[in-house]
Amino acid sequence: MNQIPNAIEKPKKVHWTFRLTAFVASVITLSWFFAGWRQIQETGQFSDWLLLLSGTVFTLLLLGVQAYWIYFEEKDKGTLKKRIELFEKMHLRLSRAQTGGSL
């Protein structure tokens, strides 16, 4: 009997080195945020605003990636409390891109 493949396949486990790298990068970018904030209070130059903006954007991006990993880890374990549609859509797009399907 032919089985229809699941549209969303299970995500693979994220290796601990990627998790550690993302965590360390988050700490570094968060320090950029605080350094930029301090510098804005002192001088307020364009480079200070750029440091604050880059620290904010990259910290939020890295936290989003880590939240995505945690979401699907909890979903795989069956302990997911709330479905997050944004992560589901992102996963669907990523799995279609990996298999060569249309986006």
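This is a predicted model: local features need pLDDT of at least 70, side-chain atom pairs count only at pLDDT 80 or more; totals for chains, interfaces and linings use all residues.

**Stop 1: the whole chain.** Show the protein chain as a cartoon and you'll find three helices and zero strands. Going along the sequence, the pattern reads α-α-α. Of the 103 residues here, 19% count as buried. Now think about contacts between residues at least 6 apart in sequence: 48% of them join residues at least 24 apart.

Stop 2: Select residues 16-42, which is helix α1, and then residues 46-77, which is helix α2. Their axes come within 7 Å and cross at roughly 150°. An angle over 145 degrees counts as roughly antiparallel, so that's how α1 runs relative to α2. If you colour the contact of α1 with α2 by residue class, it has 17 nonpolar, nine polar and three charged residues.

**Stop 3: the core.** Next, select A22, Y68, W69, Y71, F72 and F87 and show their side chains. These six residues make up the largest nonpolar core. Which helix gives the most to this core? That's α2, with four residues.

**Stop 4: one residue up close.** Leave aside its neighbours within four places in sequence, and F87 is in contact with G64, A67, Y68, Y71 and F72.

How values were computed:
Residues are numbered from 1 along each chain as its sequence is written. Side-chain values use heavy atoms; hydrogens and water are left out. Axes are lines fitted to C-alpha atoms, for helices over the stretch in contact, and angles run from 0 to 180 degrees between N-to-C directions. Helices (H or I, at least four residues) and strands (E, at least two) are DSSP runs, numbered from the N terminus. Angles under 35 degrees count as roughly parallel, over 145 as roughly antiparallel, 65 to 115 as roughly perpendicular and the rest as oblique. Ala, Val, Leu, Ile, Met, Phe, Trp, Tyr, Cys and Pro count as nonpolar, Asp, Glu, Lys and Arg as charged, and the others, Gly among them, as polar. A nonpolar core is a set of buried Ala, Val, Leu, Ile, Met, Phe, Trp, Tyr and Cys residues joined through side-chain atoms within 4.5 Å. Buried means under 20% relative accessible area, exposed over 50%, partly exposed in between (1.4 Å probe, protein chains only). Contact means heavy atoms within 4.5 Å.
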